[in-house]
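Look at the sequence and the 3D structure below.

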Amino acid sequence: MRMDDMRVCDNRALAQASAMAVESCIPLLVFFILSPQDYSLHDTSSRRIDFALRNLFILKDSLSKLNIPLHVSTQTSRRTLPAYVISLLQSVNATQVFANIEYEVDELQRDLTVSKLAHENGILPTFLHDKLVVEPGLLSTKQGKPYSVYSPFQRQWLSTINNDISKYLAEAPPRLHPVFGKLFGSEIPCQVDGYTCSDKDKMAVVWPAGIDAAREMLRRFLRTKSRKTHLGPADPLEEGEDISKTHSRVMVYKENRDQNAYVPPWLLSTKKLQTNRDSGVGMWVQEIAWRDFYGHVLAAFPRVSMGRPFREKYAGVQWETNHEHLEAWRAGRTGVPIVDAAMRQANSMGWMHNRARMIAAMYLTKDLMIDWRLGEKHFMQQFIDGDLASNNGGWQWSASTGTDPQPYFRVFNPYSQSEKVDPSGDYIRTFVPELSKVFGPDIHNPPAKLAEKLGYPRPLVDHKEARVRALRRYKNPGLK
């Protein structure tokens with residue numbers, strides 16, 4: 001198993017492996033290998049590692065009830081990981097191995113090596129598409145090329161799903177199989193060296209692990225109203241939910257999509273998928289299409305996972321080297337309330353609303369003119385839901401270097417964005433306590449005297465001047 005498929009239900013690799021085990025009357029075994037070097041190279045956050053370990057404990061119990069052992073081990077050297085996988089398989093006389101595909105370039109190369117070694121040692125490897133709704137490589141332009149623009153991609157994505165909806169949205173069923181000895185004694189570590197989660201108790205409450213918790217969160221997203229008390233860190237499963245058919249979070253997603261949580265697409269079940277922009281459900285499905293789009297881009301253009309811009313012409317854009325500005329952005333002390341609220345939300349929750357990610361990213365790249373790769377790395381090191389494809393796609397969109405990007409001459413005004421997405425100021429007041437007593441227009445851009453009185457920092461840069469600088473440098477890459 002891999003970090004993105006730690007579940008018994010709707011897991012294609014597990015389903016096919018269990019079906020083959022039943023057909024051949026042989027044991028079914030599940031392996032999970034912790035790879036700290038991979039986590040380091042991908043800037044994986046300690047929060048995400050802790051979340052994975054919590055899910056492994058639940059998964060181990062679920063598989064044990066099905067008489068299937070989960071064997072967890074750690075391999076410190078990523079270079080020798082393929083050989084280690086084969087040695088594990090040989091130790092139990094495995095004849096076949098099943099896994100879901102990871103689309104990052106290093107992971108693809110790793111699995112190609114695993115496949116080669118498996119064949120050489122008489123083991124049949126099977127790798128399956130499971131992470132995305134529609135697998136990469138299936139959709140293409142009329143010229144047969146991968147999509148680099150979202151809208152036509154989304155149209156073909158939707159048509160492909162609806163032409164065979166049972167294939168793309170049906171769950172892969174779990175199967176039972178007999179016990180296989182000592183592997184049941186495999187222990188799951190409480191932490192991975194170098195990835196101690198300093199706020200693990202809070203994360204366990206804010207982001208409960210396991211498929212049962214995920215399904216209940218989905219049910220509430222579909223059936224209940226949002227709660228103001230859940231704007232900040234809170235238990236998403238606490239009692240007191242308000243059921244509503246017309247004003248549930250998904251029904252009002254069109255109006256409030258920037259203040260709703262992301263729910264994995266494999267939990268969705270429907271007879272026909274729609275992406276119309278006139279409904280909350282349609283807008284939410286479009287977000288799932290965006291997730292697939294960035295996954296397809298990662299698979300088709302591996303350079304984006306190597307720190308390179310998709311649009312190479314912007315590789316020469318001159319960035320500022322200002323450590324104080326970068327640290328102020330990370331800490332949420334830029335003097336721009338909506339940006340600071342977003343960054344403090346990330347620091348306290350390990351997560352951030354979609355629009356907040358866009359505003360914070362564009363402020364770093366356009367107002368502070370700091371390299372988007374530094375922001376991309378920081379988000380991955382903070383977020384519990386860090387995903388290379390989606391994170392890279394979002395950052396390159398904001399920095400105007402990616403596929404289907406925000407044109408470089410469009411620069412978010414963080415103050416007008418604040419008024420648009422947080423008109424009441426509740427979001428800012430939740431995460432910026434210095435401004436908790438401020439109401440009205442001042443919450444979005446506090447006057448200097450008020451900010452000084454409340455101990456709130458003044459803006460690092462003047463937005464209008466920063467915008468002019470950004471336009472100049474993007475128009476003339478290589479020049480300051």
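**Overall form**

With 480 residues, a compact globule would have a radius of gyration near 23 Å, and the protein agrees because its value is 23 Å. The radius is taken over C-alpha atoms, and the globule rule is 2.2 Å times the number of residues to the power 0.38. This is a predicted model, in which local features need pLDDT of at least 70 and side-chain atom pairs count only at pLDDT 80 or more, while totals for chains, interfaces and linings use all residues. Residues are numbered from 1 along each chain as its sequence is written, and side-chain values use heavy atoms, without hydrogens and water.

- The C-alpha atoms fill a box of roughly 75 × 55 × 45 Å along the principal axes.
- The protein has 20 helices and four strands (DSSP runs: H or I of at least four residues for helices, E of at least two for strands, numbered from the N terminus).

**Burial**

- Of the 480 residues, 54% count as buried, meaning under 20% relative accessible area with a 1.4 Å probe, protein chains only.

**Nonpolar cores**

- A nonpolar core is a set of buried Ala, Val, Leu, Ile, Met, Phe, Trp, Tyr and Cys residues joined through side-chain atoms within 4.5 Å.
- The largest core has 89 residues, and Trp157, Ile161, Trp329, Met352 and Tyr427 touch the most other members.
- Helix α11 (residues 280-300) gives the most to this core, with nine residues.
- A second, separate core of 27 residues includes Met6, Val30, Ile49 and Phe98.
- In soluble globular proteins, nonpolar side chains tend to be buried together.

Conventions: Buried means under 20% relative accessible area, exposed over 50%, partly exposed in between (1.4 Å probe, protein chains only).
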